[in-house]
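Subject: Structure handover

Hello,

I am passing this structure on to you. Please look through the sequence and the model first, then read the notes below them.

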Amino acid sequence: MSEKKVALVTGALGGIGSEICRQLVAAGYKIIATVVPREENREKQWLINEGFNESDVRFILTDLTKHEEATVAINEAIEAEGRVDVLVNNAGITRDATFKKMTFEQWTQVIDTNLKTLFTVTQPVFLKMLEQKNGRIVNISSVNGLKGQFGQANYSATKAGIIGFSKALAQEGARSNICVNVVAPGYTATPMVTAMREEVVKSIEDQIPLQRLARPEEIAAAVLYLVSDNGAYITGETLSVNGGLYMQ
Ligand code: CAA
């Protein structure tokens, strides 16, 4: 069994995912990182860029939307480490379009990646946490799941769904000392946001009371707080990190 605490992070190679891994490794965790198999050796390059040792990270190269093969891969990784202390469901995509122009494919791609995979990833981890009688789950939602966003009917639906899922699971996990929470980032300086047209990014920045995008470190710090000892009495909660863009 791993001597270090183990954290499974989905979408580990992304803008926010990488920073979450960085902070977890600095806090002494071993990472199980899920990566969609695409360009060859993308994950090896990531290890080098992040300055991680091979022993810091175990990769699961699988498409999480494929339920059966992903479940097998996740179970193998958990078994190999012998424990799983933290799960961060971070994987997510956008396919923005106004609803009148949105294709069914844009709808289903976002539902499948952002919501359907929650089942596949969380169930095997949750079962292990029940056995351990201990665990922390943090699901990454979005300010746009809370307030809705023009051009994101698909994405907003999934990010709101993540919050309902987390509140339900928080109730089921509580008796086994499993806390389930949500971090809802605002617009963060990552490729997902900078891929938008420049004038759209500018108009969003103008609406943010703190007048800037979030830094990935600021989102990861909220995740680390929720999984730390200081977060032990927080469950079913949504922590917004959005520069004041939406105040609940
Ligand atoms: N509210 C009301 N009307 C709006 C609007 C808004 N927020 N944004 C655009 N419109 C209007 C435009 O003024 C335009 O009106 P006219 O036709 O009268 O000129 C009309 O809607 C069409 O707008 P676009 O020209 O932008 O339409 P498009 O088809 O070229 O692009 C879009 C549509 C791709 C959705 C584009 O508007 C867009 O990128 N919007 C931003 C979506 C967004 O915020 N995505 C977040 C991505 S990052 C992320 O999701 C991370 C996270 O969690 C925060």
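This is a predicted model: local features need pLDDT of at least 70, side-chain atom pairs count only at pLDDT 80 or more; totals for chains, interfaces and linings use all residues.

Which residues of S4 are buried on one side, and which on the other? On one side they are Val-86 and Val-88, and on the other Leu-87 and Asn-89.

Seven strands make up an open sheet, in the order S3-S2-S1-S4-S5-S6-S7, with parallel pairing. Its edge strands are S3 and S7 (238-241), each of which pairs on one side only. From one strand to the next, the twist averages 20 degrees. In general, the strands of a sheet pair through backbone hydrogen bonds, and the pairing may be parallel or antiparallel.

Strand S4 covers residues 86-89 and strand S5 residues 135-140; 4 bridges pair them in the parallel sense. Val-86 has Arg-136 of S5 as its bridge partner, and Val-88 is opposite Val-138 in S5. S4 is also joined to S1, through 3 bridges, and these two strands run parallel. Here Leu-8 is opposite Leu-87 of S4.

Asp-85 sits in the loop between H3 and S4. Is Asp-85 buried or exposed? Its relative accessible area is 7%, so Asp-85 is buried. A polar atom of the Asp-85 side chain lies 2.7 Å from the backbone nitrogen of Val-6. Leaving aside residues up to four places away in sequence, Asp-85 touches Lys-5, Val-6, Met-129, Asn-134, Gly-135 and Arg-136.

Helices across the sheet

Helix H1 (residues 15-26) lies across S1 (6-9), S2, S4, S5 and S6 (178-185). The helix runs at about 175 degrees to S1. Helix H4 (residues 104-132) lies across S1, S4, S5 and S6, and runs at about 170 degrees to S4.

The nonpolar cores

The largest nonpolar core has 31 residues. Those touching the most other members are Val-9, Ile-20, Leu-24, Ile-31, Trp-46 and Val-183. At least two residues of this core come from each of S1, H1, S2, H2 (42-50), S4, S5 and H9 (216-227). Which of these elements gives the most to this core? That is H9, with 7 residues.

Ile-31 can be followed in some detail. Not counting residues up to four places away in sequence, Ile-31 touches Ala-7, Val-9, Cys-21, Leu-24, Val-25, Asp-56, Val-57 and Arg-58. Apart from the largest core lies another core, of 21 residues, including Ile-78, Leu-87, Val-121 and Phe-126.

Salt bridges

How many salt bridges does the structure hold? There are 13. As a general point, side chains of opposite charge can pair when their charged atoms come close.

Two of the salt bridges involve Glu-81. In one, the side chains of Lys-30 and Glu-81 meet at 2.9 Å, N to O. Lys-30 is in strand S2 (residues 30-35) and Glu-81 in helix H3 (residues 67-81), so this pair ties together parts that are 51 residues apart in sequence. In the other, the side chain of Arg-58 meets that of Glu-81 at 2.8 Å, N to O. Arg-58 belongs to strand S3 (residues 57-61) and Glu-81 to H3, so here the parts tied together are 23 residues apart in sequence.

Why do Lys-30 and Glu-81 count as buried? Buried means under 20% relative accessible area. Lys-30 has a relative accessibility of 13% and counts as buried, and Glu-81, at 5%, counts as buried too. Arg-58, at 29% relative accessibility, counts as partly exposed.

Another salt bridge is formed by the side chains of Glu-218 and Arg-212, at 2.8 Å, N to O. Glu-218 counts as partly exposed, at 24% relative accessibility. Arg-212 also counts as partly exposed, at 35%. Finally, salt bridges link Glu-19, Arg-22 and Glu-50 in a network.

Regards

Definitions and conventions. Residues are numbered from 1 along each chain as its sequence is written. Side-chain values use heavy atoms; hydrogens and water are left out. A salt bridge is a side-chain nitrogen of Lys or Arg within 4 Å of a carboxyl oxygen of Asp or Glu. Buried means under 20% relative accessible area, exposed over 50%, partly exposed in between (1.4 Å probe, protein chains only). Two strands pair if DSSP finds at least two bridges between them. Axes are lines fitted to C-alpha atoms, for helices over the stretch in contact, and angles run from 0 to 180 degrees between N-to-C directions. Contact means heavy atoms within 4.5 Å. A nonpolar core is a set of buried Ala, Val, Leu, Ile, Met, Phe, Trp, Tyr and Cys residues joined through side-chain atoms within 4.5 Å. A polar contact is a pair of N or O atoms within 3.5 Å; within protein, one must be able to donate a hydrogen and the other to accept it, and residues adjacent in sequence count only if both atoms are side-chain atoms.
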